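Subject: Structure for your review

Dear colleague,

Please find the structure below, together with its sequence. The notes that follow set out what was found in it.

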Amino acid sequence: MTLHYPESCNNTPKHAFIRDIISAFCAFNWDFIEKHVSDDFEMHWPGEKPLIGKKPFLKFMREFNHPRTTFLEVESIIGHGLDIATYGKMEIQDETQYTFADFYHLTEAESLKLNKIVSLVIKHE
């Protein structure tokens, strides 16, 4: 898998944290994700039923047959207060390409724990 991140990922602990979260999702590292989401965590994909709660979210993620990401480029990470946004592009093993924008919400200003992610994904035709 090829991962590209902007140099600004190392400018703040929050940016580095989001870089690590994205990498963990791509690598299916659910143990890392589990340590960094709150018990009341919410995962939203617009147009789909949200996953509410850490346990249902992790159960779904561990059981879902995820395609392998072969390329991911994060073009930007922007953060302010409790909120962090990213966008970029990715390709999976069958060469399908996507553009994504993810919005992360932290539990507390100084915390590196998430309580919500909203993920918008657009498939390229």
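For the notes on aromatic residues, rings of Phe, Tyr and Trp (its six-membered ring) pair if their centres lie within 6.5 Å; planes under 30 degrees apart count as stacked, over 60 as edge-to-face and the rest as tilted. By that criterion, the structure holds six aromatic pairs.

Please note that this is a predicted model, in which local features need pLDDT of at least 70 and side-chain atom pairs count only at pLDDT 80 or more, while totals for chains, interfaces and linings use all residues. Residues are numbered from 1 along each chain as its sequence is written, and side-chain values use heavy atoms, with hydrogens and water left out.

Aromatic pairs

One of the pairs joins Phe 41 and Phe 57, whose ring centres are 4.7 Å apart with planes at 55°, so this pair is tilted. Because Phe 41 lies in strand S2 and Phe 57 in helix H3, the pair ties together parts that are 16 residues apart in sequence. (Helices, H or I of at least four residues, and strands, E of at least two, are DSSP runs numbered from the N terminus.) Phe 41 is buried, at 0% relative accessibility, and Phe 57 is likewise buried at 0%; buried means under 20% relative accessible area, exposed over 50%, and partly exposed in between (1.4 Å probe, protein chains only).

The rings of Phe 60 and Phe 64 have their centres 5.3 Å apart and their planes at 25°, so they are stacked. Phe 60 is partly exposed at 32%, as is Phe 64 at 42%. Ring pairs also link Phe 25, Phe 28, Trp 30, Phe 41 and Phe 57 into a cluster.

Sheet and helices

Seven strands form an open sheet of mixed pairing, in the order S1-S4-S5-S6-S7-S2-S3; two strands pair if DSSP finds at least two bridges between them. Strand S1 (2–4) and strand S3 (51–52) stand at the edges with a single partner strand each, so one side of each has no neighbour in the sheet. Strand S2 (residues 37–44) pairs with strand S7 (residues 114–123) in the parallel sense over four bridges, and Val 37 stands opposite Leu 114 in S7.

Helix H3 (residues 54–63) packs on the sheet, touching S2 and S3, and its direction makes about 55° with that of S2. Contact here means heavy atoms within 4.5 Å; axes are lines fitted to C-alpha atoms, for helices over the stretch in contact, and angles run from 0 to 180 degrees between N-to-C directions. H1 lies across S1, strand S4 (69–80), S5, S6 and S7, running at about 155° to S4.

Positive phi angles

Phe 28, although not a glycine, has a positive phi of about 55°. This residue is found in the loop between helix H1 (13–26) and helix H2 (30–35), and Phe 28 is partly exposed at 21% relative accessibility. Glu 95, also a residue other than glycine, has a positive phi near 75°. Glu 95 is found in the loop between strand S5 (83–92) and strand S6 (97–106), where Glu 95 is exposed with a relative accessible area of 61%.

Yours sincerely
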